[in-house]
Amino acid sequence: MRNVTSDVLVAYASKHGSTEKIAQWIGKEIRGNVDVLNVNNVHNLNYDYIILGTPIYEHEPLPEMSNFITRNRNELENKNKSVFVVSSDNEEKSKREMNIEAFTDIIPGQINQTAVFAGEIDNSELSSNELQSVESYMNSISKLMGSYSKLNEKKCREYGKSLNRFI
Ligand SMILES: Cc1cc2nc3c(=O)[nH]c(=O)nc-3n(C[C@H](O)[C@H](O)[C@H](O)COP(=O)(O)O)c2cc1C
């Protein structure tokens with residue numbers, strides 16, 4: 001039995017909100033003093049455990065997450081941590097692996113656990129640049145896709161619960 005409460009940070013980047021929702025669900029399942037923060041609002045890394053989450057856009061993590069990692073590389077290296085990505089192209093194992101590797105490749109040091117979650121897109125919220133980019137991306141994977149939501153709260157919460165064994 002541990003009698004010290006751990007300080008835990010769930011830091012996310014999110015453009016259209018799916019990753020933020022998922023980060024909140026994960027945060028609810030973690031035992032400890034939990035802060036769920038957008039990476040832009042993280043001012044220190046004085047936490048016992050860190051969970052990092054980013055969506056994948058055009059095969060890459062969001063730049064604000066990549067920049068956060070670059071800025072905090074040395075401190076993150078020795079932290080206990082887990083990571084997750086949010087994406088749409090999740091049906092094949094190879095695609096899920098490609099998406100998570102796009103993130104784990106830039107993370108320094110060891111990672112306890114990874115996860116890939118499906119997100120959501122509401123096409124009516126996208127800028128014309130984003131719509132163009134999503135169209136060419138859908139063409140590149142030979143799929144047509146309109147707005148969709150594949151968010152699975154239960155799966156995200158289970159991942160959160162599973163992290164308590166590291167904390
Ligand atoms: C312009 C654009 C590009 C995207 N590129 C990819 C991609 O390369 N791979 C993928 O699996 N999903 C891709 N997606 C899907 C997003 O990762 C997914 O919608 C995710 O839920 C977005 O997270 P957010 O709502 O937190 O911003 C793309 C979505 C948009 C709108």
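How do the residues of the shell around the ligand divide into nonpolar, polar and charged? The views below, taken from a predicted model, start with this shell.

**View 1. The shell around the ligand.** Eight residues of the shell are nonpolar, eleven are polar and five are charged. Among the 24 residues around the ligand, those that come nearest are T19, P55, S87, D89 and G119. Two or more residues each are given to the shell by α1 (18-29), β3 (49-57), β5 (80-87), β7 (120-121) and α5 (128-140). With four residues, α5 supplies the largest share.

**View 2. The largest nonpolar core.** This core has 35 residues, and V10, I26 and F117 have the most contacts inside it. The elements that each give two or more residues to the core include the strands β1 (7-12), β3, β5 and β6 (114-118). The helices α1, α2 (63-71) and α6 (153-163) also give two or more residues each. In soluble globular proteins, nonpolar side chains tend to be buried together.

**View 3. The surroundings of F117.** Neighbours within four places in sequence are left aside here; F117 is then in contact with I22, F84, V86, K155 and C156.

**View 4. The whole chain, for orientation.** The protein has six helices and eight strands, which run β-α-β-β-β-α-α-β-α-β-β-α-β-α from the N terminus on. Its radius of gyration is 16 Å, close to the 15 Å from the globule rule for 167 residues, so the protein is as compact as a globular protein of that length. The C-alpha trace spans about 55 × 30 × 30 Å along its principal axes. Of the 167 residues, 29% count as buried. Among contacts between residues at least 6 apart in sequence, 82% join residues at least 24 apart.

Conventions
Residues are numbered from 1 along each chain as its sequence is written. This is a predicted model: local features need pLDDT of at least 70, side-chain atom pairs count only at pLDDT 80 or more; totals for chains, interfaces and linings use all residues. A residue is near a molecule or strand if its C-beta atom, placed from the backbone, lies within 6 Å of it. Ala, Val, Leu, Ile, Met, Phe, Trp, Tyr, Cys and Pro count as nonpolar, Asp, Glu, Lys and Arg as charged, and the others, Gly among them, as polar. A nonpolar core is a set of buried Ala, Val, Leu, Ile, Met, Phe, Trp, Tyr and Cys residues joined through C-beta atoms within 7 Å. A residue is buried if 20 or more other C-beta atoms lie within 10 Å of its own, exposed if 12 or fewer, and partly exposed in between; C-beta atoms are placed from the backbone. Two residues are in contact if their C-beta atoms, placed from the backbone, lie within 7 Å. The radius of gyration is taken over C-alpha atoms; the globule rule is 2.2 Å times the number of residues to the power 0.38.
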